[in-house]
Amino acid sequence: ILEADLIGKLKPKYNSRQKDDKSFLMIKITKEDFPSVLLVLYKNVNVHDRSAWYFGPYPGGDMLKRSLRYLRRIFPYKDCSNVKSAKSKKYGRPCLYGDLGICEAHCVDRVAKMDYNKNITYLKNFLRGGKREILVNLHREMDQLGKAKKYEAAAVIRDRITALEHIGAVAIGLKDDFTTPAILAFKRIECYDVAHI
């Protein structure tokens, strides 16, 4: 990140690849009743801004967007403006993300403020590296719902636990594959052209 900042400022003659005006992305979570989760450019962030939480900067923009899409299915959140929320509220119908279940559609009162903010807290803790603590809390929540015979709500929590554990399994698999030279030497992809068969 420091290197990219210096290249942006000094613009060395032969480094054309990183001389463009692009910047790393940061995750911004607003401090509202129903916080929004947004992606912002690192160079546009005011370090004295206390109206939001910031995470990052992240060098891989595409990877970050893919990760957030996956996390959004586990902990649904809104990324729309207050204007768009007001429009949905006026018509009494959520946007497409609300219909898909990746936003809990607070604009049409589908979620309580406490439940929505619990998702945001889990997301913030995940971004801070607190995945183990989240899993402990989710297991406790699932057990309580099971004892209260709220089986459908417990099943939703169970699915979140499975998805979070999958993130760990995938990450460990990638690390193991790419740090072991023996595995790298013998892996190959075989392709067969079936167009003429």
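**Close-up views of a predicted protein model**

**View 1. The largest cavity and its lining.** Helix H3 (residues 82-91) gives the most to the lining of the largest cavity, contributing 3 residues. This is a predicted model, in which local features need pLDDT of at least 70 and side-chain atom pairs count only at pLDDT 80 or more, while totals for chains, interfaces and linings use all residues. Residues are numbered from 1 along each chain as its sequence is written, and side-chain values use heavy atoms, with hydrogens and water left out. On a 1 Å grid over the protein atoms alone, a cavity is a set of points where a 1.4 Å probe fits but cannot get out, and lining residues have an atom within 4 Å of a point. There is 1 cavity of 30 Å³ or more, and the largest cavity holds about 50 Å³ of space, where a volume is the space filled by probe spheres set on grid points joined across faces, edges and corners. Among the lining residues are Cys80, Lys84, Ser85, Ser88, Cys95 and Cys103. By class, the lining has 6 nonpolar, 3 polar and 1 charged residues; here Ala, Val, Leu, Ile, Met, Phe, Trp, Tyr, Cys and Pro count as nonpolar, Asp, Glu, Lys and Arg as charged, and the others, Gly among them, as polar.

**View 2. Lys78, a buried lysine in a loop.** Lys78 lies in the loop between helix H2 (61-74) and H3, helices (H or I, at least four residues) and strands (E, at least two) being DSSP runs numbered from the N terminus. Is Lys78 buried or exposed? Lys78 is buried yet has no salt bridge, and the nearest side chain of opposite charge, Glu32, is 4.1 Å away. Buried means under 20% relative accessible area, exposed over 50%, and partly exposed in between (1.4 Å probe, protein chains only), whereas a salt bridge is a side-chain nitrogen of Lys or Arg within 4 Å of a carboxyl oxygen of Asp or Glu. For opposite charge, Lys and Arg count as positive and Asp and Glu as negative, while His and the chain ends are not counted. Leaving aside neighbours within four places in sequence, Lys78 is in contact (heavy atoms within 4.5 Å) with residues including Glu32, Phe34, Arg72, Ser85, Cys103 and Tyr116.

**View 3. Salt bridges of the model.** The structure holds 5 salt bridges, and one of them joins the side chains of Lys113 and Asp33 (3.4 Å, N to O). Lys113 lies in helix H5 (residues 113-127) and Asp33 in the loop between strand E1 (25-30) and strand E2 (37-41), so the pair ties together parts that are 80 residues apart in sequence. Lys113 is partly exposed at 44% relative accessibility, and Asp33 is partly exposed with a relative accessible area of 49%. The side chains of Arg72 and Asp79 also meet in a salt bridge (3.2 Å, N to O); Arg72 counts as buried at 7% relative accessibility, whereas Asp79 is partly exposed at 31%.

**View 4. Leu100 in helix H4.** Leu100 has its place in helix H4 (residues 96-100) and is exposed, with a relative accessible area of 52%. Leu100 and Arg73 are 27 residues apart in sequence, and their C-alpha atoms are 9.5 Å apart in space.

Key:
On a 1 Å grid over the protein atoms alone, a cavity is a set of points where a 1.4 Å probe fits but cannot get out, and a pocket is an open set with protein on both sides within 12 Å along at least five of seven lines; lining residues have an atom within 4 Å of a point.
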